[in-house]
Amino acid sequence: MSVKYNSSFFANLKYDLPASIVVFLVAVPLCLGIALASGAPLFSGIIAGFVGGIVVGLLSGSSLGVSGPAAGLAVIVLTAIQDLGAFEIFLLAVVLAGVIQLILGFLKAGVIGYYFPSSVIKGMLSGIGIIIILKQIPYALGYDETREWDFMFFHEDGQTTFSNLLNLVDVVTPGAIIITTVSLIILILWERPFMKKIGLFKVIQGPLVAVVTGIILNIAFQNVNGLSLAPDQLVNIPVSEALIGFFNQFTLPDFSQFNNSEVYIVAITMAVVASLETLLCVEATDKLDPQKRVTPTNRELRAQGIGNILSGLIGGLPITQVIVRSSANIQSGGRTKTSAVFHGILLLGSAIIIPYVLNLVPLASLAAILFVVGFKLAKPSIFKEIYAKGKEQFIPFIVTILGIVFTDLLIGIGLGMIVAVLYILWNDYKTPYHFNPKNYKDGEPVRIQLSDNVTFLNKARIMNTLYQMPDKTHVIIDASKTKNIHPDILEIIENFERNAKTRDIVIEMNGLEHKDGKDPVEELGHLVLKRSKSKSEKTVVI
């Protein structure tokens with residue numbers, strides 16, 4: 001049952017402000033951690049966070065959705081920065097991705113998310129989760145040269161992700177391992193049901209406690225031999241002495257790369273994946289909304305596009321609506337978009353006021369947070385759920401994961417889609433319409449009822465059905481309810497007409513006619529749908 005809220009701004013402020021604080025406390029470590037996982041300047045994660053909160057929050061039609069940098073894009077971002085050669089060139093791709101999203105919104109492409117099989121989408125998220133876990137292991141162990149790490153499985157030096165992990169044994173830092181372990185214990189404890197029953201712990205979130213604990217341990221280890229952390233193992237956000245210095249931290253895109261074709265490939269990739277992730281999150285957030293409000297998806301795409309244009313222009317990561325922050329907003333009692341906007345304002349203020357504190361955060365603490373994020377994306381229960389649905393769901397799911405882990409994101413999604421489509425085509429081929437030759441009785445007419453919309457994907461199925469017909473059969477092809485039929489299907493029916501004359505098959509057609517009275521035996525290409533001349537009926541298109 002839906003819940004009705006007072007629509008007044010001030011009536012909801014007492015709920016939205018506390019929720020915005022909780023979302024802010026969740027967002028800070030995630031913004032930094034995702035920037036770390038993306039191989040981008042950590043400040044770029046904060047920029048994407050406050051742009052997503054303030055700009056997208058104001059423009060979006062989502063009441064409870066919160067936008068910011070997303071873990072699901074980390075793979076694309078890190079690979080793109082390396083392939084393009086400079087962060088400034090990558091920022092141009094972010095701007096162009098925003099333009100593409102804006103165009104998609106105006107073209108009413110908000111339904112695009114419904115055309116991807118859920119098995120492939122869940123495989124994509126699980127694959128990203130596995131990669132995030134694997135690539136955060138060096139940070140968790142305190143390896144000093146983590147900037148060399150990328151999301152590709154095979155490396156230029158002949159090493160792989162797994163062989164590189166084995167080589168870390170001799171270069172770990174005990175202090176980082178302790179911080180990672182303690183942070184993980186805190187994060188796991190905070191997920192336990194008994195902790196969620198305590199009111200205070202609903203406000204103070206586990207990621208914040210893990211980060212604060214990491215700072216305390218970092219300070220405590222500074223004078224302890226063998227446990228102290230090196231500067232490369234800490235967050236490094238430039239410290240501003242004044243507001244002017246703060247604005248100097250923003251980075252402009254390299255507009256001289258407009259003719260670089262690789263920039264456009266990255267932009268299209270980010271636009272598609274970010275839009276898809278946003279639309280999936282919108283659907284999930286609307287389901288969690290106690291009031292069951294429905295977000296206008298085309299408006300959401302336009303808002304995300306404008307947000308990404310601005311984020312790219314000032315040095316931020318790409319933005320999507322994100323389920324972790326959105327669900328935290330709902331669970332904390334947020335009622336309107338005010339909570340998302342205020343969380344963005346708090347993020348902006350934190351970047352100006354407390355960079356000294358942020359620079360005390362160990363990367364090991366952020367790695368622990370990302371371990372949990374990755375686990376939630378690829379937890380065993382997801383594998384069990386997909387497996388229980390059968391091999392038609394499980395195989396595309398697994399193929400997508402393996403493709404992403406061992407190649408890259410686009411290839412993985414492409415392989416998963418190919419397998420999913422092959423299953424559809426195979427099922428379409430092996431299942432005839434309404435005719436089973438085993439149940440056929442001599443003398444009975446066989447009716448083949450065509451659906452409202454018959455596409456080329458039905459070719460194999462229809463051909464298989466027609467050519468199973470026994471000789472001397474009376475076949476009724478009923479297209480009376482058909483609104484659209486592909487020319488390939490009409491050609492199959494005409495070919496069947498020709499063949500039927502040699503097999504003593506009588507064909508009766510409803511809703512189909514031969515234009516200009518042409519004989520199908522003499523000439524093909526004249527079979528068409530009959531169009532009803534009646535105007536009394538009204539059709540509702542859903």
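**Labels and their cut-offs**

Me: Why is Pro69 called buried?
Reply: Pro69 has a relative accessible area of 0%. Buried means under 20%, exposed over 50%, partly exposed in between (1.4 Å probe, protein chains only). Therefore Pro69 counts as buried.

Me: What is the model's basis?
Reply: The model is predicted; local features need pLDDT of at least 70, side-chain atom pairs count only at pLDDT 80 or more, and totals for chains, interfaces and linings use all residues. Residues are numbered from 1 along each chain as its sequence is written, and side-chain values use heavy atoms, leaving out hydrogens and water.

Me: Where is Pro69, and which residues does Pro69 touch?
Reply: Pro69 sits in strand β1 (residues 67–69); a strand is a DSSP run of E, at least two residues, and a helix one of H or I, at least four, numbered from the N terminus. Contact means heavy atoms within 4.5 Å. Beyond four places in sequence, Pro69 touches residues including Cys31, Ile34 and Leu317. The C-alpha atoms of Pro69 and Leu317 are 6.1 Å apart, across 248 residues of chain.

Me: What makes α7 and α17 oblique?
Reply: The axes of α7 (residues 174–190) and α17 (residues 363–377) cross at roughly 40° and come within 8 Å. Axes are lines fitted to C-alpha atoms over the stretch in contact, with angles from 0 to 180 degrees between N-to-C directions. Under 35 degrees is roughly parallel, over 145 roughly antiparallel, 65 to 115 roughly perpendicular, the rest oblique. So α7 and α17 are oblique.
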